[in-house]
Amino acid sequence: MNPPCYAVAMDVGVCQLRSFSISFLSSVLSSSSVSLENSSSGASVVAIDNKIEQAMDLVKSHLMYAVREEVEVLKEQIKELVEKNSQLEQENTLLKNLASPEQLAQFQAQVQSGSPTSGAPPALTPNPGPGATA
């Protein structure tokens with residue numbers, strides 16, 4: 001009886017690999033000329049051990065391949081997230097520099113009160129910049 005495969009990508013891969021490995025091991029052992037009835041001899045035990053070792057090596061190589069593939073996908077996602085984070089930090093810095101002190105104070109008040117900042121943005125007055133007089 002096989003345990004159920006789960007929907008998580010890595011779990012599905014491992015489950016499929018396990019199923020493949022079990023069927024492979026079964027076919028190797030059943031197609032082998034080694035007889036379990038003759039298990040008293042040392043040669044048949046060694047042959048079975050060799051077949052099991054070959055099957056385990058195959059399982060290991062398939063599992064390592066799956067893990068390497070998953071690591072590459074995750075590395076790419078991390079790279080994209082780092083780039084996006086950097087872009088957002090630059091945008092945030094620019095917006096902070098362009099905002100007037102009143103706008104920053106209003107934003108801080110909204111953040112502290114927990115009121116949502118989505119929806120219609122507050123009316124922004126252009127920042128006259130340093131040295132300008134009102």
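Let me begin with a term: a residue is called buried under 20% relative accessible area, exposed over 50%, and partly exposed in between, with a 1.4 Å probe and protein chains only. What you see is a predicted model, in which local features need pLDDT of at least 70 and side-chain atom pairs count only at pLDDT 80 or more, while totals for chains, interfaces and linings use all residues. Residues are numbered from 1 along each chain as its sequence is written, and side-chain values use heavy atoms, with hydrogens and water left out.

The chain has 3 helices and 0 strands, where helices are DSSP runs of H or I with at least four residues, strands are E runs of at least two, and numbering starts at the N terminus. Of its 134 residues, 8% are buried.

Turning to Glu 76, this residue sits in helix α2, which covers residues 42-98, and because its relative accessibility is 40%, Glu 76 counts as partly exposed.

Finally, the span of residues 64-98 is 100% helix and 0% strand, with its end C-alpha atoms 51 Å apart.
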